Amino acid sequence: MANYQVQRGTYDAYYEDAYYIHEIEDLLGTIAQTYAFSEIVTPIYEQTELFTRSAGEGSDIVTKEMFSFTDRGGRNITMRPELTAGVIRAVVTNKLYANSDLPLKLYYCGPAFRYERPQKGRYRQFTQFGVECVGVNSYLNDVEVITLGYRALMELGFPHVILKINSLGNKESRQKYMKALREYFANHIQNMCDDCKHRFETNVLRILDCKDPDDQKIIQDAPKIEDYLDQESKDYFDKVKAMLDEDQIPYEVDDTLVRGLDYYSHVVFEYHFIAEDGTSLGAIAAGGHYDNLVKEIGGPELSSVGLAIGIERVFTLLKQITPERFSKLTVPVYLAHIGEEAIDHTYLLMQHLRNDGMIECDMTFENKNLSAQIKIANRKGAKLLIIVGEDEMKKYAYQVKNLEEKTQEVVEYDKLIDYINNLEIEY
Ligand code: ATP
Ligand code: MG
């Protein structure tokens with residue numbers, strides 16, 4: 001006998017979980033629309049080079065995490081590890097920048113794939129919701145995206161969120177800083193982890209991102225980006241911070257925050273949540289400003305700012321801190337029949353409620369006795385039970401039992417939808 005397992009790092013979502021995951025995605029879409037972002041849907045796979053060029057050859061994503069394969073036509077394909085590169089590719093392919101006012105404001109939601117070591121809040125197939133603002137023409141675009149992320153998480157029900165921000169400065173500042181880092185780490189790198197040794201060669205900035213406690217001690221004394229920002233970079237960062245203050249968005253400046261992708265410059269940010277019992281799943285959302293990606297992918301030079309929220313991390317944490325929100329799904333109205341002859345009549349009545357009244361309802365097609373049907377209704381959390389017997393069929397008037405208040409009334413066919421709607425039963 002075959003015994004199929006769910007693939008490592010993937011999951012099945014069903015019933016309440018599937019319902020609430022969609023609800024989270026819908027709410028995020030609505031919030032993005034409030035900020036005048038419109039949806040973009042791009043393919044789940046792209047040519048591998050798109051990701052190696054954009055994320056950077058030395059990034060964790062490219063070196064260890066990509067799901068890549070050769071298709072039957074010999075093309076190198078990769079299942080997208082994040083959605084930004086595909087969105088920017090679509091902007092360039094369709095020349096969206098040529099026919100629309102800038103900035104372009106786009107949001108997306110869909111699966112991403114990374115070959116990671118699976119653990120809580122870390123999957124190999126996961127879902128990202130995100131926004132990209134392409135063609136930034138003011139520091140307020142950065143402020144707007146950072147704020148959208150913060151407000152969205154609050155709106156979803158997080159009681160508090162830690163927003164960390166940092167500036168990687170413009171290219172010149174960053175180059176000076178990286179030179180200083182290289183000089184500093186040159187004296188320490190022999191005592192650091194293998195990943196850091198690799199980062200030292202490919203992108204020294206990423207060493208700051210290392211989670212190893214011993215390495216962290218060395219990192220603490222490394223030069224700080226703040227001391228290498230030129231006037232332009234400082235002014236930009238100051239304006240962003242001042243506006244966040246003005247709009248009362250709380251944040252902390254974290255000068256070790258560098259983010260994992262190569263394309264960032266100026267402002268980068270992460271959102272964290274720590275539950276009362278100490279649970280944290282790392283960043284629940286993250287983003288930053290990027291200057292070169294559009295050009296790198298073949299478009300004009302357009303600065304952008306983007307943000308991605310991890311749907312599974314949001315869902316897992318919300319389910320832990322507000323389990324009451326994730327209550328069992330119910331079928332509010334259940335129809336019961338007395339005797340085999342009543343089943344077809346009950347079916348047609350049920351279709352009338354669904355088609356003409358958009359009422360969520362169900363019944364069994366098996367010939368069960370009334371008490372068995374009441375038990376099913378209760379298990380499904382029904383508030384109303386409509387009973388169809390011989391007499392009811394003749395008169396087109398039905399026994400309607402309120403299962404909570406234990407009351408019962410006879411209601412005619414034509415009045416049934418209004419009757420149910422007036423009860424305002426909670427779905
Ligand atoms: P981490 O440091 O936790 O690996 P990251 O920097 O790789 O995160 P991003 O590339 O910024 O993550 O992706 C944005 C968001 O997507 C993250 O903040 C997180 O919520 C979510 N995310 C990233 N990788 C995974 C994964 N493997 N499983 C589930 N969610 C993920
Ligand atoms: Mg990662």
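Rings of Phe, Tyr and Trp (its six-membered ring) count as a pair if their centres lie within 6.5 Å; planes under 30 degrees apart are stacked, over 60 edge-to-face, and the rest tilted. By this rule the count comes to 14 aromatic pairs. Before you start clicking, note that this is a predicted model, where local features need pLDDT of at least 70 and side-chain atom pairs count only at pLDDT 80 or more, while totals for chains, interfaces and linings use all residues. Residues are numbered from 1 along each chain as its sequence is written, chains are lettered from A and ligands numbered from 1 in the order in which they are written, and side-chain values use heavy atoms, with hydrogens and water left out.

**Stop 1: the rings**

Select Tyr45 and Phe69. Their centres are 6.5 Å apart with 65° between the planes, an edge-to-face pair. Tyr45 belongs to strand 2 (residues 45-47) and Phe69 to strand 3 (residues 67-70), 24 residues apart; helices (H or I, at least four residues) and strands (E, at least two) are DSSP runs, numbered from the N terminus. Tyr45 is partly exposed at 49% relative accessible area, and so is Phe69 at 38%. The scale here: buried is under 20% relative accessible area, exposed is over 50%, and partly exposed is in between (1.4 Å probe, protein chains only).

Now go to Tyr177 and Tyr228. Here the centres are 5.5 Å apart and the planes at 45°, so the pair is tilted. Tyr177 sits in helix 7 (residues 171-186) and Tyr228 in the loop between helix 9 (213-220) and helix 10 (231-246), so this pair ties together parts that are 51 residues apart in sequence. Which of these two is buried? Tyr177 is, at 1% relative accessibility, whereas Tyr228 is partly exposed at 26%.

Then show Arg124, whose charged end sits over the ring of Tyr115, 3.8 Å from its centre (the rule is NZ of Lys or CZ of Arg within 6 Å of the ring centre and within 35 degrees of the ring normal).

**Stop 2: the cores**

A nonpolar core is a set of buried Ala, Val, Leu, Ile, Met, Phe, Trp, Tyr and Cys residues joined through side-chain atoms within 4.5 Å. In the largest one, with 54 residues, pick Ile88, Leu181, Phe185, Met192, Ile207 and Leu208, which touch the most other members. Helix 4 (residues 84-93) gives the most to this core, 6 residues. At least three residues come from each of domain 1 (16-170 + 248-325) and domain 2 (174-229), with bounds from an automatic or database domain assignment.

Zoom in on Met192. Leaving out residues up to four places away in sequence, Met192 touches Phe185, Lys197, Ile207, Asp215, Ile218 and Ile219, where contact means heavy atoms within 4.5 Å. A second, separate core holds 46 residues, among them Val131, Ala152, Leu153 and Leu307.

**Stop 3: helix 8**

Colour residues 194-202, which make up helix 8. Its buried residues are Cys196, Arg199 and Phe200. Asp194 and Glu201, on the other side of helix 8, are exposed.

**Stop 4: Leu106**

Finish in strand 5 (residues 104-113), where Leu106 lies. Leu106 is buried, at 9% relative accessibility. Its contacts, again without residues up to four places away in sequence, include Phe37, Val87, Val91 and Val131.
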